[in-house]
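Here is a short briefing for a first look. Keep the sequence and the 3D view side by side as you read.

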Amino acid sequence: MTYPLRNVRLFESFSEIERADLVRFMRERKYATGETVCAYGEYGSTMLIVTQGALCAVVSGKDDQPHEIAQLAEGTVFGEMFCIDPAPRPVTLLVSEPATVLELGREDLIRMRQQAPHAAAALVSAVFLDVLKRLRNVDDRIDRELRADITWKDRLTPAPSSCSGLPGSWENCFASLRGSA
Amino acid sequence: MSAPGAENLPECFRGPEAQALLEAGHTRSLPALSLLCEEGQVTDCFFLVTAGEFVLAKRIAGCLHSLSTFGPGSVLALMPALDGAPCAVSICALNDATVVEIKRSSLLALLGHDSEPNLWLANLLSLLAIRRLRGATNELAQALYSALRTPDCTGHIDAVRLARIQAGSYAWLGS
């Protein structure tokens with residue numbers, strides 16, 4: 001049963017055998033509408049793939065009311081980082097339509113490394129490259145913010161002379177570092 | 001066969017599994033003030049620091065700002081080496097330093113084999129990347145939130161604070 005993974009972007013580069021191996025180590029869970037799949041702040045160590053139905057990601061607002069921030073439709077992967085590095089969940093996942101979810105836990109990944117190393121390597125590498133892409137998105141976002149920030153600074157106020165980055169050279173840059181060491 | 005200075009690396013780079021990575025690269029000695037990677041430069045190499053210190057800096061509004069320093073055990077410029085996009089910061093040796101320089105193609109060749117050492121390496125790099133991503137998104141969210149709360153409501157964001165977050169994605173600590 002590899003069809004649920006065929007259209008999932010994260011597994012695009014996987015061979016049919018790797019997809020089949022991955023599915024072999026996953027557990028299928030069924031949820032009814034309104035059920036909680038995972039709760040905000042709860043320690044999570046599993047990756048989830050929605051294979052049927054839909055989930056929604058919610059966070060609590062200032063008013064303590066749940067606010068939906070995303071819909072997770074069929075084919076959506078959630079928490080792929082958690083099976084490599086468990087951590088508290090950043091959102092609550094609720095079931096908005098009766099759903100079937102495939103789950104891969106950290107322990108499953110460890111077993112997979114021993115019993116299906118090729119699929120495990122493909123998964124870890126895919127997650128790694130995906131994380132790098134997201135890190136680059138953060139980097140690009142910061143660049144955009146900085147470009148806007150520079151325009152404001154340049155137009156309104158000259159850089160103060162006491163700023164840690166002195167105009168000019170690397171030597172000044174080092175001097176400020178060595179001074180503070 | 002260990003790279004010179006390999007004994008200075010953190011625990012995770014001392015096991016036999018890490019040797020494959022060290023052996024895939026070559027050792028480079030750099031005198032103080034040598035530029036390892038310049039802002040805007042595209043690189044296909046990343047670096048594992050075995051001795052000395054490096055400073056990460058960025059030009060903001062004409063000022064060169066030193067953002068952070070990193071020593072032995074740090075993995076430098078892995079993100080730009082793998083995705084081929086230009087470096088957003090410059091990386092320069094603060095004092096005499098030694099690095100193991102590893103090409104993107106060498107790393108990808110290692111990751112392409114499913115041996116236990118390479119799985120270990122993929123797992124280690126993923127862990128470092130995941131932790132950095134979580135750190136960077138948290139720090140960015142806090143910076144943006146602080147900007148929204150400025151008394152004058154200008155939404156002004158501290159450029160150096162942002163650049164420091166950015167620098168964190170170019171130097172990962174191996175420990």
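This is a predicted model: local features need pLDDT of at least 70, side-chain atom pairs count only at pLDDT 80 or more; totals for chains, interfaces and linings use all residues.

Chain A holds 5 helices and 8 strands. In chain B, one open sheet has 5 strands and another has 4 strands.

**Chain A overall**

- Along the sequence, the elements of chain A come in the pattern α-α-β-β-β-β-β-β-β-β-α-α-α.
- Chain A has 181 residues, and 36% of them count as buried.
- Take the contacts in chain A between residues at least 6 apart in sequence: 71% of these join residues at least 24 apart.

**A:Arg136 and chain B**

- A:Arg136 sits in helix 4 of chain A, which spans residues 117–156.
- Which residues does A:Arg136 touch, leaving aside its neighbours within four places in sequence? They are B:Met79, B:Asp83 and B:Ala85.

**The sheet of 5 strands in chain B**

- The strand order in this open sheet is 1-8-3-6-9, and the pairing is antiparallel.
- Strand 1 (26–30) and strand 9 (171–173) of chain B are the edge strands, each pairing on one side only.
- Neighbouring strands in this sheet are turned by 30° against each other on average, direction ignored.
- Strand 3 (residues 45–51) and strand 8 (residues 97–103) of chain B run antiparallel and are joined by 6 bridges.
- B:Phe47 has B:Glu101 of strand 8 of chain B opposite it.

- Strand 2 of chain B is joined to strand 7 (residues 90–93) of chain B by 2 bridges, and the two run antiparallel.
- Opposite B:Leu35 stands B:Cys92, in strand 7 of chain B.
- As background, strands of a sheet pair through backbone hydrogen bonds, either parallel or antiparallel.

**Strand 4 of chain B and its surroundings**

- How many of the 7 residues of strand 4 of chain B are buried? The count is 6, and the strand is mostly covered.
- Strand 4 of chain B runs antiparallel to strand 5 of chain B, with 7 bridges between them.
- Strand 4 of chain B also runs antiparallel to strand 7 of chain B, where 4 bridges join the two.
- B:Phe54 has partners in both of these strands: B:Phe70 in strand 5 of chain B, and B:Ala93 in strand 7 of chain B.
- Strands 4 and 5 of chain B form a hairpin with 2 residues between the strands. In this hairpin B:Ala61 takes a positive phi near 50°.
- Helix 5 (residues 159–168) of chain B lies across strand 4 (54–60) and strand 5 of chain B. Helix 5 of chain B runs at about 40° to strand 5 of chain B.

Notes: Residues are numbered from 1 along each chain as its sequence is written. Chains are lettered from A and ligands numbered from 1 in the order in which they are written. A residue is buried if 20 or more other C-beta atoms lie within 10 Å of its own, exposed if 12 or fewer, and partly exposed in between; C-beta atoms are placed from the backbone. Two residues are in contact if their C-beta atoms, placed from the backbone, lie within 7 Å. Two strands pair if DSSP finds at least two bridges between them. Axes are lines fitted to C-alpha atoms, for helices over the stretch in contact, and angles run from 0 to 180 degrees between N-to-C directions.
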